[in-house]
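Could you walk me through this structure in my viewer? I would like to know what to select next and what I will find there.

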Amino acid sequence: MAFPLSASIVTTNKMSIKVSPTRRPRFPVSHVPFPLNRPASTRFRYPKFNRIFAKRHDDSMELTSGWNILNLSTSAEQGKKWFESAIAAIILFLQLTTPLPLSGQDSSLISSAEAVLYSPETKIPRTGELALRRAIPANTNMKAIQDSLEDISYLLRIPQRKPFGTMEGNVKKALKIAKDEKESILTSIPDEMRQNGSVLYASLIDGKDGLQNLLESIKDKDPDKVSIGLASTLDTVAQLELLQAPGLSFLLPQQYSDYPRLTGRGIVEFSIEKGDGSTFSPEAAGEPRSMATIQVVLDGYSAPLTAGNFAKLVVDGAYNGVKLNCANLAILSDGRMGKDIGYSIPLEIKPSGQFEPLYKTTLSVQDGELPVLPLSVYGAVAMAHNDVSEEYSSPNQFFFYLYDKRNAGLGGLSFDEGQFSVFGYTTVGRETLSQIKTGDVIRSAKLVEGRDRLVLPK
């Protein structure tokens with residue numbers, strides 16, 4: 001059925017953002033462009049726990065209804081009744097909050113969709129920087145170093161007593177790989193970039209932002225120093241990985257050879273102006289601003305056609321003066337630019353663990369398929385769906401996704417994960433996104449980095 005939101009169409013199966021060039025989209029403030037009236041198979045449901053263990057008065061155990069456990073038979077001793085009720089309530093709470101079924105619970109009652117969408121163990125990148133780093137097709141030794149260091153991020157989230165011993169082991173493992181595989185790491189870098197790679201490698205080992213310095217921070221048992229040092233070290237790792245990936249690691253299908261493509265990374269800088277004459281919040285110790293700047297990193301490694309089409313539109317000035325339309329979960333560019341502006345790119349999504357993107361197909365998150373560039377990140381940038389077929393993206397309408405975990409499953413996955421061509425992330429000015437309102441204008445959009453990686457059709 002039609003749904004009057006930001007040129008969005010809601011069906012009984014899934015949501016799609018489509019272009020509506022003939023009608024101005026409406027944005028009710030009470031809803032979002034991503035439907036909550038989805039089919040039963042994808043609605044949020046807590047796992048049902050119908051049976052739990054309860055203690056009988058003769059000290060034996062019996063199974064009883066989880067919701068009737070508080071109605072224990074009355075006892076002459078009021079204190080004993082209160083104690084048993086309290087214990088039962090604690091057991092019920094633990095069952096409702098644990099990701100694993102307790103004794104007596106049939107795990108087969110939890111569907112495969114719930115296993116991925118609702119499992120707290122589902123691990124996806126939580127920031128655009130992390131998603132972009134994981135998307136670099138680098139040397140396997142560098143990826144092993146990266147994985148070992150990223151594990152420390154999870155260890156730092158443990159409250160109170162941090163496992164500094166485990167962190168130290170992770171850094172030593174990364175340091176050993178870096179030293180033992182020096183030749184493999186450096187020979188993976190093209191000759192013309194080898195000197196720069198050698199400088200970065202030395203910095204990774206012994207530099208201020210390197211592994212040795214991170215190891216000392218861990219030995220000092222200072223979580224703040226470890227967190228800062230870890231971020232710097234991972235940034236050095238990413239720079240080395242980018243040198244190892246000067247272009248695409250796969251061949252595009254022959255039928256898409258006439259599309260523009262981005263063979264690496266690019267950066268687009270947006271200047272956003274308030275449409276009603278108001279101002280954006282001031283930056284630290286600054287004045288209120290009539291204009292705000294947002295930077296988006298485009299990832300051609302995972303979405304070369306989608307990122308390439310977008311980069312060409314930016315170079316051509318197609319977004320200069322375009323208005324923005326807002327809803328609770330998305331900021332969309334005006335969908336009335338015209339079908340003749342931009343290319344109708346096939347839906348392009350690269351699944352995790354795969355060598356190249358899939359085309360004209362969505363991912364089955366219920367079956368465990370997750371994209372390299374997830375939608376479930378605040379500031380993700382994706383193309384809307386084509387107004388004719390969901391197998392294609394819109395030629396020019398894009399949106400910033402304002403991810404909110406309150407509108408996602410327990411695993412932190414958006415219910416529309418794997419349905420759109422995500423091609424980049426907002427890395428500068430994320431705090432500005434929440435201040436953008438319907439009617440604000442993209443005063444200018446510039447490709448400030450990556451022009452040399454944009455390949456245009458002949």
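Predicted model: local features only at pLDDT ≥ 70, side-chain atom pairs only at ≥ 80, totals over all residues.

Now extend the selection to residues 322-326, strand β9, and residues 441-449, strand β16; the two run antiparallel and are joined by 2 bridges.

Next, colour the barrel. It is closed by 8 strands, in the order β7-β8-β15-β13-β14-β10-β9-β16, with antiparallel pairing. Going from one strand to the next, the twist averages 35 degrees.

Now for the pockets. To find the largest pocket, select Glu-129, Leu-132, Arg-133, Asp-235 and Ala-238, which lie nearest its centre among the 34 lining residues. Its volume is about 940 Å³. Which elements each supply at least two residues of this lining? Show α3 (128-134), α4 (140-156), α9 (223-244) and β7 (265-273). The largest share, 9 residues, comes from α9. Colour the lining of the largest pocket by class and you will get 17 nonpolar, 6 polar and 11 charged residues.

For the last stop, select Pro-351, Ser-352, Gly-353, Gln-354 and Val-372. These lie nearest the centre of the second largest pocket, which is lined by 21 residues and has a volume of about 410 Å³. Its lining has 11 nonpolar, 5 polar and 5 charged residues.

How values were computed: Residues numbered from 1 in each chain as written. Heavy atoms only, no water. 1 Å grid on protein atoms, 1.4 Å probe; cavity = no way out; pocket = protein on both sides within 12 Å on 5 of 7 lines; lining within 4 Å. Points joined across faces, edges and corners; volume = space filled by probe spheres on them. Helix = DSSP H or I, 4+ residues; strand = E, 2+ residues; numbered from the N terminus. Nonpolar A, V, L, I, M, F, W, Y, C, P; charged D, E, K, R; others polar. Pairing = 2+ DSSP bridges. Axes fitted to C-alpha atoms, helices over the stretch in contact; angles between N-to-C directions.
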